[in-house]
Amino acid sequence: MNRVITLTVIGLYFVLTVFLIDAWAQMPFETTPITNKGKKWRIGYLEGGPYANYQSILKSITKTLMDAGWIQHSSIPECRDEIETKTLWKFLSTQIQSNYLEFVSDAYWSAEWCDAKRKSLKHDIIKRLNESKDINLMLAFGTWAGQDLANNQHNTPTMVLSASNAIRSGIIKSVENSGFDHIHAWIDPNKSERQLRLFHKITGFKKLGIAYENDLDGRSYSAVEDVQNLSRELGFQIIECHLPGQASGTSHEEAELVKCYEQLAQKIDSMYITDYAGLTKKNLNKLLMPLFENKVATFAQTRYDLVKYGILMGAGRSDFKADARFYTEILAGILNGKKPGDLPQEFKSPLKIVVNLESSKQIGFRIPLDILAGAFEIHETIHHPENKE
């Protein structure tokens, strides 16, 4: 049975590597629940496609809205799988009780990671925002959604959540200024750099592997510029494998990802595991097999939840509570009359180290005791998806 040990984050290591900013608690604007002149605020949702972090963040925001009094407390349903959000939106639009918010049932859109569908949705959504004007606030989850709504083609207040890097992907102008009165985008500009410094400090790697799509979005998602900058500073070599564009609904991505990992495994001593459609808990064992065989240390860029399934380590957010508080304060500020573009965008998510001891044994690497002492989660074994949690 897979066991998890949860420890209190302590010591100097905690001070150096956990960057928790409670800016949400100090924001100088009104956040009390308020109606839209006696009516409910109507909220819409757009995502580029299903993704585990979107589900986790939306769940945490729902809980935080309950705690803040915007909606009444009730039990949040389990989703059909680890990445979809449609179940949550159906719950929000049909079952929650609120005097203030309405999550509009027909204002949920997902491009399903399909370029053609993305283009069509952008046109339809912006047309609705301009002509029907029945949405008061849009939640744009991820880089695709942020890119499609961060423009002057509409003026509906929009929050961009969980974009990989909102500046490098062209969503906003800078940390201080989104470039639009109606656009707010969360950004943690140094998150990937902090992760890689931590990974390098722990393992001292010399050859770092990275697999990504070699286009604007792919390089942004995988923080390629951060990796390149740190390689020059810290003196490690980057070994790349370029992945093809993602084709939703096929097994193509999984096969391409396996091919990349097999090609890289014999050339590297470490792997920065970035996001791609083929990266799931069900196929992770196949992906990690060549890395285990070649004693490669692995670090999860965003899918820290996959550490329990065999990735050596990651810097996770536990349950996204801090992020959700930040997002909820921004949402409340907007509905209380603040322009989205005037609100603070930078929030450094609290990164907490998660490690897998069986993975460390597989590659013959001993995790330092001070790292274990500061770990948020320690997984003693590699969990298998077919086993019950």
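Beyond its neighbours within four places in sequence, Met 271 is in contact (heavy atoms within 4.5 Å) with Phe 199, Leu 208, Gly 209, Ile 210, Ala 211, Tyr 261, Leu 264, Leu 291, Val 296, Ala 297, Thr 298 and Phe 299. The model is a predicted one, in which local features need pLDDT of at least 70 and side-chain atom pairs count only at pLDDT 80 or more, whereas totals for chains, interfaces and linings use all residues. Residues are numbered from 1 along each chain as its sequence is written, and side-chain values use heavy atoms, with hydrogens and water left out.

Met 271 is also among the residues with the most contacts inside the largest nonpolar core, together with Leu 101, Phe 103, Phe 141, Met 159 and Tyr 261; this core has 123 residues. Helix α11, spanning residues 321-335, gives the most to this core, with nine residues. A nonpolar core is here a set of buried Ala, Val, Leu, Ile, Met, Phe, Trp, Tyr and Cys residues joined through side-chain atoms within 4.5 Å. Buried means under 20% relative accessible area, exposed over 50%, and partly exposed in between (1.4 Å probe, protein chains only). Helices (H or I, at least four residues) and strands (E, at least two) are DSSP runs, numbered from the N terminus.

## Aromatic pairs

A pair of aromatic rings is described by the distance of the centres and the angle of the planes. Rings of Phe, Tyr and Trp (its six-membered ring) pair if their centres lie within 6.5 Å; planes under 30 degrees apart count as stacked, over 60 as edge-to-face and the rest as tilted. By this rule the structure has 16 aromatic pairs. In one of them, Phe 199 and Phe 299, the ring centres are 5.1 Å apart and the planes stand at 40°, so the pair is tilted. This pair links distant parts of the chain, 100 residues apart: Phe 199 is in helix α6 (residues 191-203) and Phe 299 in strand β10 (residues 297-300). Both Phe 199 and Phe 299 are buried.

The rings of Phe 205 and Phe 236 have centres 4.8 Å apart and planes at 65°, so this pair is edge-to-face. Phe 205 lies in the loop between α6 and β7 (207-213), and Phe 236 in the loop between α8 (224-234) and β8, so the pair ties together parts that are 31 residues apart in sequence. Phe 205 is buried at 2% relative accessibility, and Phe 236 is buried at 6%. Elsewhere, ring pairs link Tyr 45, Tyr 51, Tyr 54, Trp 89, Phe 103, Tyr 108 and Phe 141 into a cluster.

Strand β3 (residues 101-110) has seven of its 10 residues buried, so it is largely enclosed by the rest of the structure. Strand β2 (residues 41-47) runs parallel to β3 and is joined to it by six bridges; two strands pair if DSSP finds at least two bridges between them. Leu 46 stands opposite Trp 109 in β3.

In helix α3 (residues 86-94), the residues Thr 87, Leu 88, Trp 89, Phe 91 and Leu 92 are buried. The buried residues of α3 pack against β2, β3 and α2 (52-67).

## Cysteines

A disulfide is a pair of cysteine sulfur atoms within 2.5 Å, and the count by this rule is one. The sulfur atoms of Cys 241 and Cys 260 are 1.9 Å apart, and the link is left-handed, with -80° about the S-S bond. The pair links distant parts of the chain, 19 residues apart, with Cys 241 in strand β8 (residues 237-243) and Cys 260 in helix α9 (residues 252-265). Both cysteines, Cys 241 and Cys 260, are buried.

Cys 79 is buried, with a relative accessible area of 13%, while Cys 114 is partly exposed at 32%.

His 252 lies in helix α9 and is partly exposed, with a relative accessible area of 35%. Leaving aside neighbours within four places in sequence, His 252 is in contact with Pro 244 and Gly 245. The C-alpha atoms of His 252 and Ala 277 are separated by 9.3 Å, the two residues being 25 residues apart along the chain.

Ser 220, in helix α7 (residues 216-221), is buried at 8% relative accessibility. Not counting residues up to four places away in sequence, Ser 220 touches Ser 164, Asn 165 and Ser 169.

## Confidence

The chain averages a pLDDT (the predictor's confidence in each residue, from 0 to 100) of 88, and 89% of the residues score at least 70. Over residues 1-26 the pLDDT is below 50, and this stretch has 54 contacts in the model beyond near neighbours in sequence. Where pLDDT is low, the predicted coordinates should not be read in detail.
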